[in-house]
Amino acid sequence: MTVLHNEAVCELTLSRNIYLAATVAKFIGAMCTHVFSNPPLASRTVVAALELLENAIRYSVDGQSSIHVGFSRIGDGGRVVLLTKNRADGDRKVELTQFFDEMSMSTSRDAFYQTLLHRTMKRTEGSGLGLGRIHAEAEMDLSYQFEGDYVYLRAEANIPTLGGRL
Amino acid sequence: MSVDFDIQANELTSHTTLEAKVLTTCLIGTADTAVRAELDRFIKALHKTATEEKVSQVVVNLRGVDLMNSSCFKSFVVWLGMLDEAASDQKYRVRFLADNERHWQSRSLAVLACFAADLIDVEGA
């Protein structure tokens, strides 16, 4: 990967231990605080990182998962990007495709999340809230990509004012 | 009066008291996968005590919680959903205390306030 002079990136690989997710998310929060002075956005990024990481670890078929954290400058502001990668089975890929299809048809982030909240009450396994939380609470744009059995989940948001740290 | 169902995990603790028909709990730590089952158990016990003691209000102080994942958040959603569907004589109000400096709290609690508008109040500080 080529890293430009106006970018900062960090990549972490985790194996199996889901209990590390919160610690890594807080570390990403500390990185955000270093790169930009926007506590609400840093907090949103931490929430997104936690949900992405827990998803990646939980659904990884070989126990391996990774997260890429990137910051880039765009004019006076910038962009923060979180990207997780893990190998997943076919059921998970179907579930993700259905989730993104439904999300793309929703008229608002909040309304879609409220639908997920009502649905979670009937779920016996998992919450089904993680990605919706990134979309609605963290207000980050979500996308996905499959490459073979690899699943890439990406969350990103604009940084209104970046300051001089990149 | 203290209760006997508090959470005492490394990651998350609770301290709960019952005074004058108000059940107050203060949570401190990180609410993640490590404590999801404990938090589930705790919230069920909190609800059971609230209905048995016919409290008017349950106060949940989240100010000491630095991060919460969606699995733990689900525990609160299920609780409030169940309370919403309860008979009127089994209902009580829930007041959440949030730390305005922990920005995720105001976002998450705004979502809960929308989910169960007639049941909860949110107080920032």
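1. B:Ala20 counts as exposed, because 7 C-beta neighbours fall inside 10 Å; here a residue is called exposed if 12 or fewer other C-beta atoms lie within 10 Å of its own, buried if 20 or more do, and partly exposed in between, with C-beta atoms placed from the backbone. The residue sits in the loop between β1 and β2 of chain B, and its phi is positive, about 50°, although B:Ala20 is not a glycine. B:Lys21 belongs to that loop between β1 and β2 of chain B as well, and has a positive phi near 65°, again in a residue other than glycine. B:Lys21 is also exposed, with 12 other C-beta atoms within 10 Å.

2. On provenance, this is a predicted model, in which local features need pLDDT of at least 70 and side-chain atom pairs count only at pLDDT 80 or more, while totals for chains, interfaces and linings use all residues. Residues are numbered from 1 along each chain as its sequence is written, and chains are lettered from A and ligands numbered from 1 in the order in which they are written.

3. Strands and helices are DSSP runs (E, at least two residues, for strands; H or I, at least four, for helices), numbered from the N terminus, and two strands pair if DSSP finds at least two bridges between them.

4. Taken as a whole, chain B has three helices and five strands, which follow one another from the N terminus as β-β-α-β-α-β-α-β. Its radius of gyration is 13 Å, close to the 14 Å that the globule rule gives for 125 residues, so chain B is as compact as a globular protein of that length; the radius is taken over C-alpha atoms, and the rule is 2.2 Å times the number of residues to the power 0.38. The C-alpha trace of chain B spans about 35 × 30 × 25 Å along its principal axes, and buried residues make up 42% of its 125 residues. Among contacts in chain B between residues at least 6 apart in sequence, 68% join residues at least 24 apart, a contact being a pair of residues whose C-beta atoms, placed from the backbone, lie within 7 Å.

5. Is B:Gln105 buried or exposed? B:Gln105 is buried, because 23 other C-beta atoms lie within 10 Å. The residue lies in helix α3 (residues 103-115) of chain B and, leaving aside neighbours within four places in sequence, is in contact with B:Leu62, B:Ala98 and B:Asp99.

6. In chain A, an open sheet of five strands has the order β1-β2-β3-β5-β4, with antiparallel pairing. Its edge strands are β1 (7-15) and β4 (141-147) of chain A, each of which pairs on one side only, and the twist averages 15° from one strand to the next. Nine bridges join β1(A) to the antiparallel strand β2 (residues 64-74) of chain A, where A:Ala8 stands opposite A:Phe71. Helix α1(A) lies across β1, β2 and β3 (77-87) of chain A and runs at about 175° to β1(A); axes are lines fitted to C-alpha atoms, for helices over the stretch in contact, and angles run from 0 to 180 degrees between N-to-C directions.

7. The largest nonpolar core has 79 residues, and those that touch the most other members are A:Ala25, A:Ala48, A:Ala49, A:Leu50, A:Leu52, A:Leu53 and B:Leu80. Such a core is a set of buried Ala, Val, Leu, Ile, Met, Phe, Trp, Tyr and Cys residues joined through C-beta atoms within 7 Å. Leaving aside neighbours within four places in sequence, A:Ala49 is in contact with A:Ala25, A:Ile28, A:Ile67 and A:Leu82.

8. Finally, the contact between the chains takes 24 residues from chain A and 21 residues from chain B. On the side of chain A that touches chain B, the largest share, eight residues, comes from α2(A).

Terms used:
Contact = placed C-beta atoms within 7 Å.
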